[in-house]
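Hi there,

Here is the structure I promised to pass on. Have a look at it first, and then read my notes below.

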Amino acid sequence: MKVTVETTVAAPVDAVWRAYTTPEAIVQWNAASDDWHTTAASVDLREGGAFSSRMEAKDGSEGFNFAGTYTRIVPGRLIEYAFGDRNARVEFDALDEGVRVRVTFDAETTHPVEQQRAGWQAILDNFARHVMAR
């Protein structure tokens with residue numbers, strides 16, 4: 001099952017793209033709630049390049065790596081990637097009011113779809129707030 005989340009960021013597409021694809025920015029916005037954070041990120045932004053983010057609870061109780069391989073890159077417009085046996089697509093659409101960022105991903109079977117949607121939406125909302133605060 002595919003799940004889609006989206007937000008509109010009131011910023012130029014180059015700023016939105018840069019914030020989404022640079023490790024220094026990713027560690028600032030990549031969390032679904034205030035009690036989690038990303039402690040490290042790496043990006044090799046090319047088809048076949050790898051990415052990873054280390055996400056941890058701030059109290060140190062748990063953490064996990066989110067990692068995969070980029071499968072398609074269209075600079076400023078599209079990122080597709082594989083993570084495990086799942087895939088995701090991130091679209092950047094320039095609009096009059098900013099950039100619509102739409103993420104579509106394959107749901108996993110461990111957690112309810114609505115929980116997954118809420119978590120990915122929360123991360124995307126943090127991303128939008130981060131970009132607009134700059």
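This is a predicted model: local features need pLDDT of at least 70, side-chain atom pairs count only at pLDDT 80 or more; totals for chains, interfaces and linings use all residues.

**Overall fold**

Along the principal axes, the C-alpha atoms fill a box of roughly 40 × 30 × 30 Å. Buried residues make up 39% of the 134 in the chain. Among contacts with a separation of 6 or more, 46% are between residues 24 or more positions apart. The accessible surface comes to about 7,300 Å², and carbon and sulfur atoms account for 49% of that.

**The largest pocket**

This is the part I would like you to see. The largest pocket has a volume of about 980 Å³. It is lined by 34 residues, and the closest to its centre are Met-55, Phe-64, Phe-66, Trp-120 and Ile-123. By class, the lining has 21 nonpolar, 11 polar and two charged residues.

Which elements each supply at least two residues of that lining? They are helices H1 (13–21), H2 (23–29) and H3 (113–133), together with strands E2 (36–43), E3 (50–57), E4 (63–74) and E5 (78–83). The largest share, six residues, comes from H3.

**Two residues to look at**

Ser-53 sits in strand E3. Is this residue buried or exposed? With a relative accessibility of 8%, Ser-53 counts as buried, because the cut-off for buried is under 20%. Beyond its neighbours within four places in sequence, Ser-53 is in contact with Ile-26, Asn-30, Thr-38, Ala-40, Ala-41, Phe-64, Asn-65 and Phe-66. Of these partners, Phe-64 and Phe-66 are also among the residues closest to the centre of the largest pocket.

Glu-6 belongs to strand E1 (residues 2–9). At 35% relative accessibility, Glu-6 counts as partly exposed. Setting aside residues up to four places away in sequence, Glu-6 touches Arg-100, Val-101, Arg-102, Gln-121 and Leu-124. The C-alpha atoms of Glu-6 and Val-90 are separated by 9.3 Å, although the two residues are 84 apart along the chain.

Best wishes

Notes
Residues are numbered from 1 along each chain as its sequence is written. Side-chain values use heavy atoms; hydrogens and water are left out. On a 1 Å grid over the protein atoms alone, a cavity is a set of points where a 1.4 Å probe fits but cannot get out, and a pocket is an open set with protein on both sides within 12 Å along at least five of seven lines; lining residues have an atom within 4 Å of a point. Grid points are joined across faces, edges and corners, and a volume is the space filled by probe spheres set on the points. Helices (H or I, at least four residues) and strands (E, at least two) are DSSP runs, numbered from the N terminus. Ala, Val, Leu, Ile, Met, Phe, Trp, Tyr, Cys and Pro count as nonpolar, Asp, Glu, Lys and Arg as charged, and the others, Gly among them, as polar. Buried means under 20% relative accessible area, exposed over 50%, partly exposed in between (1.4 Å probe, protein chains only). Contact means heavy atoms within 4.5 Å. Accessible areas come from the Shrake-Rupley method with a 1.4 Å probe; for residues, only the protein chains shown count as cover.
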